[in-house]
Amino acid sequence: MRLSEIDRGDGLANRLLIGFISMVSGMRLPDAARVAFYHKDFFGRPMGAWTHATMRGPSSWSVAERELMAMMVAKWNACAFCVGAHGAVAAKEMTRPTVAAALADYRAAAISERLKATLGFLEKLVLRPREVTPEDARAVLGAGVGAEALTDAIAVASVFSIVTRYADALAFAMPTEAEFDRAAAMLLKRGYAS
Amino acid sequence: MRPLHRADHGALAEALRRRVLEGSGETDANLRRKVAERAAGGPPVDAAYDDLALQIATAANRVTDPQVAAAVRAAGSEKAAFEIIAAAAVGAGLLRWQLGISVVEEAANAPQ
């Protein structure tokens, strides 16, 4: 963590909260949660609101499918922390081998064709946003993905285009696989609103 | 099946944009807007922040300690530097949101 104030918490209440959650959970509170508590009125609240609605709100995509999309955005942006965090959440509801296969090559993984088509669109949007065309969107719609579902997926890609950037710019500490797994259970239960 | 009460992504994205790029903070909102535009392919900003904004936009995993330390020095505090980092990240993310929904709307509304 490059900003020590985020690491320790801004204000006594946040410091106590970070210490308390770390103690109860038996692990260091991940940096993603520390950022959510920091300068909350400026960033954590509006960012958490969009992230939570995108990842846990009503959608024709399951929570696991949205978490898998988040993991893929993290892969395309080379954000190791977010690959670990969201892969672990997806693996709670998909199998770990399916998540690993998607990470290696989503086109060959045992996931639905509509998800593969959507990931193809998201990959271009994340890596070469100015090159996406209405034809790209039409190809996804033609694969049986509704416009609302594609919009929901674009929200996932956009939210995690933000998250991955501040995670890496701030140099989030990497939890162990066991810690990611424990944090994933909390993320499934509590979501992202801060 | 169409889910009930879908998230209003447009309103949530706009609320984020307005708070981070137009709202009050330790830094000047005009600087945050320029940093966000830089991260979305816009013109260079103040030299103290330009490298960092561009790095966050193009390959945030290659941001360096000296880039962040320079932003803290120039902005005057860690909180102010955080606002710059958040603005750059939001600029890059909202670019993708706007371009993405615009092509979906065009595709969905085009006559068959």
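Helices, in what I am about to say, are DSSP runs of H or I with at least four residues, strands are runs of E with at least two, and both are numbered from the N terminus.

Before I go on, a word on the model. It is a predicted model, in which local features need pLDDT of at least 70 and side-chain atom pairs count only at pLDDT 80 or more, while totals for chains, interfaces and linings use all residues. Residues are numbered from 1 along each chain as its sequence is written, and chains are lettered from A and ligands numbered from 1 in the order in which they are written.

Let me stay with chain B. Is R62(B) buried or exposed? A residue is called buried if 20 or more other C-beta atoms, placed from the backbone, lie within 10 Å of its own, exposed if 12 or fewer do, and partly exposed in between; R62(B) has 12 such atoms within 10 Å and is therefore exposed. From D28(B) it is separated by 34 residues in sequence and by 26 Å in space, C-alpha to C-alpha.

Turning to helix 2 (residues 29-39) of chain B, its buried residues are R32(B), K34(B), V35(B), A36(B), R38(B) and A39(B), and what covers them includes helix 1 (9-22), helix 3 (47-59) and helix 5 (78-109) of chain B. Just after helix 2 of chain B, G41(B) takes a positive phi of about 100°.

Chain A, for its part, has eleven helices and zero strands, and buried residues make up 49% of its 194 residues. Helix 5 (residues 63-76) and helix 6 (residues 80-93) of chain A pack at an angle of about 160°, with their axes 8 Å apart, and are therefore roughly antiparallel to each other; their crossing, too, is left-handed.

Finally, what do the two chains share? In all, 50 residues of chain A are in contact with 46 residues of chain B. The elements that give two or more residues to the side of chain A that touches chain B are helix 1 (4-8), helix 4 (40-56), helix 8 (113-127), helix 9 (134-142) and helix 10 (147-169) of chain A, and the largest share, 16 residues, comes from helix 10. By class, that side of chain A has 30 nonpolar, twelve polar and eight charged residues, where Ala, Val, Leu, Ile, Met, Phe, Trp, Tyr, Cys and Pro count as nonpolar, Asp, Glu, Lys and Arg as charged, and the others, Gly among them, as polar.

Terms used: Contact = placed C-beta atoms within 7 Å. Axes fitted to C-alpha atoms, helices over the stretch in contact; angles between N-to-C directions. Parallel < 35°, antiparallel > 145°, perpendicular 65-115°, else oblique. Left-handed = near helix turned anticlockwise from the far one by under 90°.
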